[in-house]
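Me: I'm new to this one and would like to go through it piece by piece. Could you put it up for me?

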Amino acid sequence: KAYRTSPPRDPAKWARICEKIVAHYIDGWADGFHHKITYWEIWNEPEYGKDLYPDVPQMFDGCPEEYFRLYEITSKHLKSVFGDRIKVGGYAAMDVKPVLDPDYHSENVKYKYLGEFMNAFFAHVKKTGAPLDFFSWHSYREAAKTVPTAYGFREYLDGLGFIKTESHLNEWNPVHDLRGTARHSAQVAAIMLGMQKAPIDLLTLYDARLCGSVYAALFDPYTLKPFHAYYALVAFDRLYKLKTEVFCECDTEGLYAVAASDGKKRALMISNVSDHSQPLEIEGADLSGASWHVIDQQRLLSWSPEVKTIEKNGVVLVEF
């Protein structure tokens, strides 16, 4: 059963309520806080509503026009009150693929509807001048499909004139039903590495809960120990702490790689999501004193001798 999915009867009143929620968290209103929360998303997956699933409207029990109007009123009100101190957007789309490929599941009425909903939303935003600082979308596909989608969707936004609108992939989790496996961690790593170079402004894994849901990617709810994917994030953090991405080019399909440096220390992270093991040859770096760590089905970012072959569904971190 879905709860709290009905559109508000008075959108203007709802917008004022949202204003006070924002003020509570960033301005201390009503014994609140002064958190530096920049992004405020209006609703979640509103296309996942009664037009798509009449029996159980999962996310929005209203018609598209009701959501468009709600977004328009709320976004304008919040920006009028808080200005550039916050960024507003939406709508956490279930899928953006239908607008990038008209033939994508063309036989599927539901996917066709997703594309129609999205095109109509952008048309309404342009017509009404509603602010759209960012557009958020979701993907539960592997890296080979998710990373190219980021490039295609950026072109789609720019083509509509939303050049300054940020693109947020704020729900993603590849092969989530395989959590706790090397394949899952390799895919998580591949998406982070691929998106580092892609035209994406924010990337948010769903999710880090400690529970039995297959979407809870990082921790085993029974043992409380980290899953494999947790260590993919730890490895990427080693790059992040070095602050600056440096040139790195990979010429093998199915391998994703990113390198970083702080001027003294350097690190390289590689994920193999191809369907077989790959010989690993790294050129242009002195690895004589390098430290190697591996994530695979048996190892969780464990120390390793120099890696000559990166296994299928393996992740390698080299620090030098």
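Me: In which sense do β2 and β3 pair, and over how many bridges?

Reply: Keeping in mind that this is a predicted model, strand β2 (residues 87–93) and β3 pair in the parallel sense, and they do so over three bridges. Within that pairing, Gly 90 stands opposite Phe 135 in β3.

Me: And how many bridges join β3 to β4?

Reply: Six bridges join β3 to strand β4 (residues 166–172), and these two strands run parallel. As an example of who faces whom, Ser 136 stands opposite His 168 in β4.

Me: How many residues of β3 are buried, and which way do they point?

Reply: Strand β3 (residues 134–139) is mostly covered, with six of its six residues buried. Phe 134, Ser 136 and His 138 point one way from the strand, while Phe 135, Trp 137 and Ser 139 point the other way, and all are buried.

Me: Changing topic, what is the strand order in the open sheet of six strands?

Reply: The order in that open sheet is β6-β7-β8-β13-β10-β11, and the pairing is antiparallel. The edges are taken by β6 (244–246) and β11 (300–304), and because each has a single partner strand, one side of each is left without a neighbour in the sheet. From one strand to the next, the twist averages 25 degrees.

Me: What does β13 pair with there?

Reply: Strand β8 (residues 266–272) pairs with strand β13 (residues 314–319) in the antiparallel sense over six bridges, and β10 also pairs with β13 in the antiparallel sense, over five bridges.

Me: Is β13 mostly covered or mostly exposed?

Reply: β13 is mostly covered, as five of its six residues are buried.

Me: Then what joins β10 to β11?

Reply: A hairpin joins β10 to β11 through four residues. Strand β10 (residues 291–295) and β11 run antiparallel and are joined by four bridges, and in β11 the bridge partner of Trp 292 is Ser 304.

Me: On to helices: at what angle do α4 and α5 pack?

Reply: Helix α4 (residues 109–128) and helix α5 (residues 143–160) pack at an angle of about 35 degrees, and their axes are 11 Å apart. α4 passes α5 in a right-handed crossing. The contact is made by Met 118, Asn 119, Phe 122 and Lys 126 of α4, together with Phe 153, Tyr 156, Leu 157 and Leu 160 of α5.

Me: How far does α6 reach, and how many of its residues are buried?

Reply: Helix α6 (residues 182–197) has 16 residues and reaches 23 Å from its first C-alpha to its last, which is close to the 22 Å expected at 1.5 Å a residue. The helix is mostly covered, with 13 of its 16 residues buried.

Me: Now the cysteines: how many disulfides does the structure hold?

Reply: The structure holds zero disulfides.

Me: What about Cys 211, and how far is it from Pro 221?

Reply: Cys 211 also counts as partly exposed, because its relative accessibility is 21%. Cys 211 and Pro 221 are 10 residues apart in sequence and 5.1 Å apart in space, C-alpha to C-alpha.

Me: Where does Pro 221 sit, and what is it in contact with?

Reply: Pro 221 lies in the loop between β5 (202–205) and α7 (228–240). Leaving aside its neighbours within four places in sequence, Pro 221 is in contact with Arg 179, Leu 210, Cys 211, Gly 212 and Phe 227. Pro 221 counts as partly exposed, because its relative accessibility is 22%.

Note on methods. Residues numbered from 1 in each chain as written. Predicted model: local features only at pLDDT ≥ 70, side-chain atom pairs only at ≥ 80, totals over all residues. Heavy atoms only, no water. Pairing = 2+ DSSP bridges. Axes fitted to C-alpha atoms, helices over the stretch in contact; angles between N-to-C directions. Disulfide = S-S within 2.5 Å. Buried < 20%, exposed > 50% of the residue type's maximum accessible area, 1.4 Å probe, protein only. Expected span 1.5 Å × (residues − 1). Contact = heavy atoms within 4.5 Å. Left-handed = near helix turned anticlockwise from the far one by under 90°.
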